[in-house]
Amino acid sequence: MPKRTTQTYSSEDAPDNAEKIYVYYCRYCGEHAFITDALLESMPQRKTDRARVIDTAEHHVKLKVTPGAVKYLKRGDGKVEKQFRYNCGALPVLYKSEEHGRYIYVMEDAVSSYASAEDIPVETKGEVPVPPCIQTNKDGKVQIGIDIEDASPRVGIVRINADEVGVEVTSTTSKTQEFQEELLEYVGKVLKLRITQLQIQRGWSNRSRLLICQDITPKEAYERLYYAMVETKKNTIAAALQQDKKTAREEQEQITKLPIIGLNCR
């Protein structure tokens, strides 16, 4: 599992007057591939390999991939096609027919877009894509990238983004057995799975873990994690409001205990 980093795209990355920016991720490793103002599904598609074609003269594209190999492919009528490929990790996700050409060809099923359910307006919500941090591994099991915030006052899911699912636990990661038991018990309850259907593996950093799940789909896992995150946020807000009321009440009590000073004004 590669080390994941969250990248923030600023206004310098975006085209002027752009109404919508799409971030695309490699389907195989989950890393950022490119950012563009072009909706990939609406771009023209080649008949030969069904690659989507983005014209950079019409659309802004900022690549996050690295140059790969140059390939020569035989096409019909004895023609040879030259591809300047670009990789995400070791695998190609797109190519150009000319090294500095204007057309970018995105390989079929090589990338996916992700927008958090929280970022989609209610009136336009439909099928929300599963984030790359929740995916099926080579063994056919669901793999979830988790970022741990230990020694927290409560247990809960605090965020879900393209890179990770943020989970708070009350135990510390240094107490391995206690931490794993708490994490497994909580996520098992959220995902509606038995502990025997879950396995924890080391992640890409000291704070991260990979959660391997059986008998669940990525979509089911995402939906259950998302609703658990919503509940965590509701509980956090309710606790904050309760604390505010308590603080206000304590301040009022302190005010009533202040001595009354009489002022003799002339």
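In which strand does Val80 lie? Val80 lies in strand E6, where strands, like helices, are DSSP runs numbered from the N terminus (H or I of at least four residues for helices, E of at least two for strands).

1. Basis of the values. This is a predicted model, in which local features need pLDDT of at least 70 and side-chain atom pairs count only at pLDDT 80 or more, while totals for chains, interfaces and linings use all residues. Residues are numbered from 1 along each chain as its sequence is written, and side-chain values use heavy atoms, with hydrogens and water left out.

2. The open sheet. An open sheet is formed by 5 strands in the order E3-E8-E7-E6-E5, with antiparallel pairing; two strands are taken to pair if DSSP finds at least two bridges between them. Strand E3 (52-55) and strand E5 (66-74) are the edge strands, each of which pairs on one side only. On average, and with direction ignored, neighbouring strands of this sheet are turned by 35° against each other, the axes being lines fitted to C-alpha atoms (for helices over the stretch in contact) and the angles running from 0 to 180 degrees between N-to-C directions.

3. Together with Val70 and Tyr72, Val80 forms a nonpolar patch on the surface, with about 300 Å² of accessible area for the three together. Patches are made of residues with over 30% relative accessible area and no salt bridge, like charges being joined within 9 Å and nonpolar side chains (Val, Leu, Ile, Met, Phe, Trp, Tyr) within 5 Å; the areas come from the Shrake-Rupley method with a 1.4 Å probe, and for residues only the protein chains shown count as cover.

4. Aromatic pairs. The structure holds 4 aromatic pairs, where rings of Phe, Tyr and Trp (its six-membered ring) pair if their centres lie within 6.5 Å, and planes under 30 degrees apart count as stacked, over 60 as edge-to-face and the rest as tilted. One of them is the stacked pair of Tyr95 and Tyr105, at 5.0 Å centre to centre and 10° between the planes. Because Tyr95 lies in strand E7 (residues 91-96) and Tyr105 in strand E8 (residues 103-106), the pair ties together parts that are 10 residues apart in sequence. Tyr95 is buried at a relative accessible area of 1%, and Tyr105 counts as buried at 13%. The rings of Tyr226 and Tyr227, by contrast, have their centres 5.8 Å apart and their planes at 75°, so this pair is edge-to-face. Tyr226 is buried at 15%, whereas Tyr227 counts as exposed at 57%, and ring pairs link Tyr222, Tyr226 and Tyr227 into a cluster.

5. Salt bridges. There are 12 salt bridges in the structure, each being a side-chain nitrogen of Lys or Arg within 4 Å of a carboxyl oxygen of Asp or Glu. Asp55 and Arg102 meet in one of them at 2.5 Å, N to O, and this pair links distant parts of the chain, with Asp55 in strand E3 and Arg102 in the loop between E7 and E8, 47 residues apart. Asp55 counts as buried at 10% relative accessibility, while Arg102 is partly exposed at 40%.

6. Arg159 meets Glu149 at 2.6 Å, N to O, and since Arg159 lies in strand E12 (residues 156-160) and Glu149 in strand E11 (residues 142-149), the pair ties together parts 10 residues apart in sequence. Arg159 also meets Glu164 in a salt bridge at 3.3 Å, N to O, and Glu164 counts as buried at 12% relative accessibility. Salt bridges that share partners join Asp147, Glu149, Arg159, Glu164 and Arg207 into one network.

7. Backbone points to inspect. Most residues other than glycine have a negative phi. Asp109, in the loop between E8 and E9, has a positive phi of about 60° although it is not a glycine. Asp215, in the loop between strand E15 (208-213) and helix H2 (218-256), has a positive phi near 60° and is exposed at a relative accessible area of 62%.

Methods. Buried means under 20% relative accessible area, exposed over 50%, partly exposed in between (1.4 Å probe, protein chains only).
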